[in-house]
Structures are given as structure tokens and as C-alpha cells.
Amino acid sequence: DKPAHYCEVINEQTRSMNMLASKTLDYSKLDSASFNLNIQKFSLTQLTSKILESYIIYDIKLENDGDVNIKADKKLIRCVIENLVDNAVKYSTDINEICIKITDKSFSVSNPCEELTKEEVKDMWQPYHRKAEHNSIEGHGLGLAMVKNILDLHKFKSGAKYLEGKIIFYFDY
């Protein structure tokens, strides 16, 4: 039993290190002078719905103004949405209260969370930033930094705010 257990631990640690290396490379690639956006028009509503299929076990609410289309790099916007939804699932204090809103001007993800100061909300965007009490939650602290870089590359206004017991991440296009 011990060798099988050790093999499983080694495999899990290898997957974790692989994910960290991949995210680190993706993050540094975004800062490269040779990086180019692949801008195309696509349905943000359809992309979000497709991503939410992976989160079917959660009751994530999707509110939208119909089929909203934007011009952006679809692959990178997928990365943004996946990171925001993944964070909402990981850090929500009530998994049944996660909500995504898509309007003709903005996208947001909100979830209930522990109380946060303005400084804590601001620090979330920093690479490798993680609160000590969240060390048991899988992740490396690069997701929101990547989100910020991607949205900045698109020149989309973005941010986060803590309001009435919820953290809300948003971007305007």
C-alpha cells in the first residue's frame, strides 16, 4: 500500500508543478513584446455558457442581456472567465450564490466571501498573492494576475470590489 500511496502523491505533486510551470510561462508570455492578440468577434454569452458546462455540479447563475458579442482574443477571454469562475468556486462562502452577469457593456462574476478590506481587494491582483488561511486551497496565486494582464492587453477597464458580503470581479468592453 505504501508504494502505491507514494506514487499517487508524487503524481499529484507533478501535476501541480506542471500547472505552476505552465501558468508561469503563460504569464510571462503575456508580457512579451512579441505577443499579439488574435482579435475576433464572438459571442461572450455562448463562450460563458460553454465554460459553465464544466461547472454543471454547481448552481452558478448566468444573467445576460441576450446574445452579447464582443471583439477580443477569444482564447484569452476564455482564460479570464475560467479563472474568475474557478476563483468564485474555490473561495465562495456559499457555492449556491455565485452569479455571472453579462450586459452589452460589461461582464462580472460575484460570490459571497469573508469580509475584505479595500487593500486586500487591491492586493488580489498581485502575482503569487494568497492569504495564509487559503494555503489549503489548490492554486498558485497567478490566476488573477493573468486576468489583469489579459484585460489590460485588451484595454478593457477591469476591477474588483467588495460589496454587501460579496466580491465582484468585472470588466467593461
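Guide: Here we go through salt bridges, then one threonine. Keep in mind that this is a predicted model.

Visitor: What can side chains of opposite charge do when their charged atoms come close?

Guide: They can pair. In this structure, the count comes to 4 salt bridges. One of them joins E82 and R78, at 3.3 Å from N to O.

Visitor: Where do E82 and R78 lie?

Guide: Both sit in helix α3, residues 74-91, and they are 4 residues apart, about one turn of the helix. E82 is partly exposed at 33% relative accessible area, and R78 is partly exposed too, at 29%.

Visitor: Which side chain does K148 meet in a salt bridge?

Guide: That of D152, with N to O at 3.5 Å. K148 and D152 belong to helix α5, residues 143-153, again 4 residues apart, or about one turn. K148 has a relative accessible area of 25%, while D152 has 38%. Another salt bridge links E53 and K50 at 3.6 Å, N to O, and K50 is partly exposed at 48%.

Visitor: Now the threonine. Is T45 buried or exposed?

Guide: Buried counts as under 20% relative accessible area. T45 comes in at 9%, so T45 is buried. You'll find T45 in helix α2, residues 44-52.

Visitor: What does the side chain of T45 reach?

Guide: The backbone oxygen of G66, at 3.0 Å. Setting aside neighbours within four places in sequence, T45 is in contact with N64, G66, D67, V68 and I102.

Key: Residues are numbered from 1 along each chain as its sequence is written. This is a predicted model: local features need pLDDT of at least 70, side-chain atom pairs count only at pLDDT 80 or more; totals for chains, interfaces and linings use all residues. Side-chain values use heavy atoms; hydrogens and water are left out. Helices (H or I, at least four residues) and strands (E, at least two) are DSSP runs, numbered from the N terminus. Buried means under 20% relative accessible area, exposed over 50%, partly exposed in between (1.4 Å probe, protein chains only). A polar contact is a pair of N or O atoms within 3.5 Å; within protein, one must be able to donate a hydrogen and the other to accept it, and residues adjacent in sequence count only if both atoms are side-chain atoms. Contact means heavy atoms within 4.5 Å.
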